[in-house]
Structures are given as C-alpha cells and as structure tokens.
Amino acid sequence: MHHIMGYSLDEWLAIVTIISIAGGGLIWLLNFAIKNGTEKLSNSVKTLINQIDNLSNSISLIESSARRTEDRVDRLEDKFEEHIGEAKVRNTRIKNLEHEVFDRKGKE
C-alpha cells in the first residue's frame, strides 16, 4: 500500500473528510451568524429610516407653520403701522382743533 508522509491513503482520506466536515460546519456557523446579525441590523436601519422620514415630515410641518406665522406677523405689523399713521393724523387734528379753540378764546 502507498504511504505519504507516514500515513496511508485511507488515513489521508479520513483527515480530508474530517477537515471538510469541520470547515463546512464552520462556514455554516459563520453564515448563520452573519445572516442573523444582518437581519437585526437591517431591521434597525429600516427603523432608523422611518424615524428620519417622520422627523423630515415634522420639520416640513414646522417650517410651513412658521411661514404662516411669519405672514400673520407681517400683516399685523402692516395693520399696526396703519393704525399708528391714523393716530398721528388724529393727534394732528386734535392739536389743530386745540389751537383753533384756544386761539378763539384768547381773542374773545
């Protein structure tokens, strides 16, 4: 019978078989671990993406609300300035009337 490095052909086949089974088991175990780890990571990433989408929608709503509020403030400022202008006109009229009334009393 043939011997290689002190082992017979049957012994070499047994060694190769044992290494193949151990390697296959190791590959299966790594594949299983990677698959499970990746699924959990994938679920976490999907959850993160959903949360980012929700945050983006919330920011858009806040931005829209801020624009509406800004428009309302601008309109209120315009009305306020209009009222201030009207008040200045009234004050001028009142002063003119006061001068007219007091000037008449002074002449009488």
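Helices here are DSSP runs of H or I of at least four residues, numbered from the N terminus. The structure shown is a predicted model.

**View 1. Confidence along the protein chain.** The average pLDDT of the protein chain is 88, and 94% of the residues reach at least 70. Helix 1 spans residues 9–107 and has the highest mean pLDDT among the elements, 90. Strand 1, residues 3–4, has the lowest, 72. Where pLDDT is low, predicted coordinates should not be read in detail.

**View 2. Salt bridge between Glu86 and Arg90.** The two side chains meet with an N to O distance of 4.0 Å. A salt bridge is counted when a side-chain nitrogen of Lys or Arg is within 4 Å of a carboxyl oxygen of Asp or Glu. Glu86 and Arg90 are 4 residues apart in helix 1, so about one helical turn separates them. Glu86 has a relative accessibility of 32% and therefore counts as partly exposed.

**View 3. Salt bridge between Glu63 and Arg67.** The closest N and O atoms of Glu63 and Arg67 are 2.6 Å apart. This pair, too, lies in helix 1 with a spacing of 4 residues, which means a separation of about one helical turn. Glu63 is partly exposed, with a relative accessible area of 40%. Arg67 is also partly exposed, at 49% relative accessibility. The search of the whole structure finds 2 salt bridges.

**View 4. Patch of negative charge on the surface.** Seven side chains are labelled in this view: Glu70, Asp71, Asp74, Glu77, Asp78, Glu81 and Glu82 gather in the patch. One of them, Glu81, lies in helix 1. The relative accessible area of Glu81 is 55%. Residues over 50% are classed as exposed, so Glu81 falls in that class.

View 5. Leu26, Trp28, Leu29, Leu30, Phe32 and Ile34 make a nonpolar surface patch of about 660 Å². Among them, Leu29 is located in helix 1. Leu29 has a relative accessible area of 47% and is therefore partly exposed. Patch members must have over 30% relative accessible area, a cut-off that Leu29 passes at 47%.

Key
Residues are numbered from 1 along each chain as its sequence is written. This is a predicted model: local features need pLDDT of at least 70, side-chain atom pairs count only at pLDDT 80 or more; totals for chains, interfaces and linings use all residues. Side-chain values use heavy atoms; hydrogens and water are left out. pLDDT is the predictor's confidence in each residue, from 0 to 100. Helices (H or I, at least four residues) and strands (E, at least two) are DSSP runs, numbered from the N terminus. Patches are made of residues with over 30% relative accessible area and no salt bridge: like charges are joined within 9 Å, nonpolar side chains (Val, Leu, Ile, Met, Phe, Trp, Tyr) within 5 Å. Accessible areas come from the Shrake-Rupley method with a 1.4 Å probe; for residues, only the protein chains shown count as cover. Buried means under 20% relative accessible area, exposed over 50%, partly exposed in between (1.4 Å probe, protein chains only). Lys and Arg count as positive and Asp and Glu as negative; His and the chain ends are not counted. The place of a charge is taken as NZ of Lys, CZ of Arg, CG of Asp or CD of Glu.
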